[in-house]
Amino acid sequence: MKNIVLIGFMGAGKTTVGEVLSQKLGRIFVDCDTLIEKRMGQTIAEIFAQKGEDFFRKLERECIEEICQREDQVIACGGGAVLDPQNVERLKRSGLIFLLSLPLSGLEERLALDQDRPLLQEKERGKRIKELWEEREKKYLTAADQVVEVKNMSAEEIADLIIRNYRKLVKEVEL
Ligand code: S3P
């Protein structure tokens with residue numbers, strides 16, 4: 001069956017929700033960033049620092065191309081995956097895309113203490129988050145088959161909602 005693809009801004013909860021979904025559905029969970037880290041033997045932060053963002057985006061593109069050749073998975077993409085239209089096209093073909101959406105204030109709160117994300121290393125973090133969010137919001141919305149507002153919801157509740165909606169959408173696609 002079609003993959004369940006999670007997209008959304010950093011801090012929206014893609015990895016956590018993806019893990020819960022995969023347990024509930026007995027499906028394999030593929031986290032694109034984790035796969036890249038395993039293959040490279042480096043963290044995402046190290047890859048950005050040593051080889052730069054363009055190199056990371058190339059790895060991300062290759063990783064998505066490969067993942068999309070398989071079915072029955074839950075896939076969590078990095079927050080910037082939607083920047084490349086080819087990624088979006090591949091993900092759309094292989095699955096149904098759910099956007100985990102949080103208001104800007106919620107994202108800022110969750111990302112305030114983050115140490116690891118290479119795109120948030122500047123001093124004015126709030127400003128940077130806002131800039132990236134404004135740049136990307138439309139791309140997320142265009143890519144998504146369904147938007148899930150995750151504010152005040154637990155990972156468990158979000159996963160249940162996605163499963164219900166996934167089943168409905170799959171039926172519609174099959175009809
Ligand atoms: C990125 C998000 C990160 C990771 C990389 C770039 C982005 O993933 O892929 O740091 O461009 O938004 P998460 O969304 O899982 O943090």
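**Overall form**

Tutor: A compact globule of 175 residues would have a radius of gyration near 16 Å, and the protein has 16 Å, which agrees. The radius is taken over C-alpha atoms, and the globule rule is 2.2 Å times the number of residues to the power 0.38. This is a predicted model, in which local features need pLDDT of at least 70 and side-chain atom pairs count only at pLDDT 80 or more, while totals for chains, interfaces and linings use all residues. Residues are numbered from 1 along each chain as its sequence is written, and side-chain values use heavy atoms, with hydrogens and water left out.

Student: What box do the C-alpha atoms of the protein fill along the principal axes, and what percentage of the residues count as buried?

Tutor: The box is roughly 50 × 35 × 25 Å. Of the 175 residues, 49% count as buried; buried means under 20% relative accessible area, exposed over 50%, and partly exposed in between, with a 1.4 Å probe and protein chains only.

Student: How many helices and strands are there in the protein?

Tutor: Helices (H or I, at least four residues) and strands (E, at least two) are DSSP runs, numbered from the N terminus. The protein has eight helices and five strands, arranged along the sequence as β-α-β-α-α-α-β-α-β-α-α-β-α. Contact means heavy atoms within 4.5 Å. Among contacts between residues at least 6 apart in sequence, 73% join residues at least 24 apart.

**Helix packing**

Student: How is the packing of two helices described?

Tutor: Two packed helices are described by the angle between their axes and the distance between the axes. Axes are lines fitted to C-alpha atoms, for helices over the stretch in contact, and angles run from 0 to 180 degrees between N-to-C directions. Angles under 35 degrees count as roughly parallel, over 145 as roughly antiparallel, 65 to 115 as roughly perpendicular and the rest as oblique. Here the axes of α3 (residues 44-51) and α4 (residues 53-67) come within 7 Å and cross at roughly 130°; the two helices are therefore oblique to each other.

Student: Which residues of α3 and α4 meet?

Tutor: Ile-44, Ile-47, Phe-48 and Lys-51 in α3 meet Glu-53, Phe-55, Phe-56 and Leu-59 in α4. The residues of this contact of α3 with α4 divide into six nonpolar, no polar and two charged. In this scheme Ala, Val, Leu, Ile, Met, Phe, Trp, Tyr, Cys and Pro count as nonpolar, Asp, Glu, Lys and Arg as charged, and the others, Gly among them, as polar.

Student: At what angle do the axes of α2 and α4 cross?

Tutor: The axes of α2 (residues 32-40) and α4 cross at roughly 110° and come within 10 Å, which makes α2 roughly perpendicular to α4. The residues of α2 in this contact include Cys-32, Leu-35 and Ile-36, and those of α4 include Phe-55, Phe-56 and Cys-63. By class, the contact of α2 with α4 has 10 nonpolar, no polar and four charged residues.

**Cysteines**

Student: How many disulfides does the structure hold?

Tutor: A disulfide is a pair of cysteine sulfur atoms within 2.5 Å. The structure holds zero disulfides. The sulfur of Cys-63 has its closest cysteine sulfur, in Cys-32, at 3.2 Å, too far for a bond. Cys-77 is likewise in no disulfide, the nearest cysteine sulfur, that of Cys-32, being 6.0 Å away. Cys-63 is buried, with a relative accessible area of 5%, and Cys-77 is buried, at 4%.
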